[in-house]
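Hi,

Here is the structure I said I'd pass on. Have a look at it first, and then read my notes below.

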Amino acid sequence: MGYFAQLHSSNDLTDDVFTDPNKIHEAASIMHKLNMIALELPDHRFVEVRQRIAAKYVAIQRTVMKRFGEAHHLGKVEEMRQCANTLLPFTQGYESCVTQFIQASQQGQFHSKDVFVDIK
């Protein structure tokens with residue numbers, strides 16, 4: 001609830017969990033829980049804090065997705081797995097990993113605009 005109070009009173013989280021890039025998975029877990037709590041709050045009293053939580057939720061999701069892409073590019077399978085597991089509870093998180101993985105894997109596979117020409 002300390003994180004919620006911090007977001008309720010200011011625009012950002014200053015705890016090292018949210019500022020240390022090595023703790024992104026822990027931050028993602030906390031933000032997912034905060035987002036679940038925020039969804040249950042009445043709109044009229046908590047509009048600003050809900051918006052802050054939603055913005056941070058999306059930002060952290062994007063950061064983890066970026067890490068997933070970087071790990072894939074570098075062939076770091078364990079880090080990819082950790083990012084995918086972190087994104088499981090997020091809205092479209094795991095699906096985005098799969099989509100990104102497929103797109104990155106197919107990059108450079110086709111040489112013409114007509115995919116069926118390259119498949120022959």
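Ala-71 sits in helix α4; helices here are DSSP runs of H or I with at least four residues, strands are runs of E with at least two, and both are numbered from the N terminus. Is Ala-71 buried or exposed? With a relative accessible area of 1%, Ala-71 is buried (buried means under 20% relative accessible area, exposed over 50%, partly exposed in between, using a 1.4 Å probe and protein chains only). Setting aside neighbours within four places in sequence, Ala-71 is in contact with Lys-76, Glu-79 and Met-80, where contact means heavy atoms within 4.5 Å. Cys-83 is 12 residues away from Ala-71 along the chain, and their C-alpha atoms are 9.0 Å apart.

Before you go on: this is a predicted model, so local features need pLDDT of at least 70 and side-chain atom pairs count only at pLDDT 80 or more, while totals for chains, interfaces and linings use all residues. Residues are numbered from 1 along each chain as its sequence is written, and side-chain values use heavy atoms, with hydrogens and water left out.

Now for α4 itself. Its 32 residues (43–74) should span 46 Å at 1.5 Å a residue, and the end C-alpha atoms are 43 Å apart, which agrees; the expected span is 1.5 Å times one less than the number of residues. There is a bend of about 40° at Val-49 (the angle between axes fitted to the seven residues ending there and the seven starting there). After α4 comes Gly-75, with a positive phi near 75°.

What does α4 pack against? Helix α3 (residues 24–40) packs with α4 at an angle of about 145°, and their axes are 9 Å apart. Those axes are lines fitted to C-alpha atoms, for helices over the stretch in contact, and angles run from 0 to 180 degrees between N-to-C directions. Among the residues making the contact are Ala-28 and Met-31 of α3, and Ile-53 and Tyr-57 of α4.

α3 has 17 residues and reaches 25 Å from its first C-alpha to its last, close to the 24 Å expected. Its buried residues include Ile-24, His-25, Ile-30 and Leu-34.

Zooming out, the protein chain has 7 helices and 0 strands. Of its 120 residues, 32% count as buried. Residues 24 or more positions apart account for 54% of the chain's contacts with a separation of 6 or more.

Cheers
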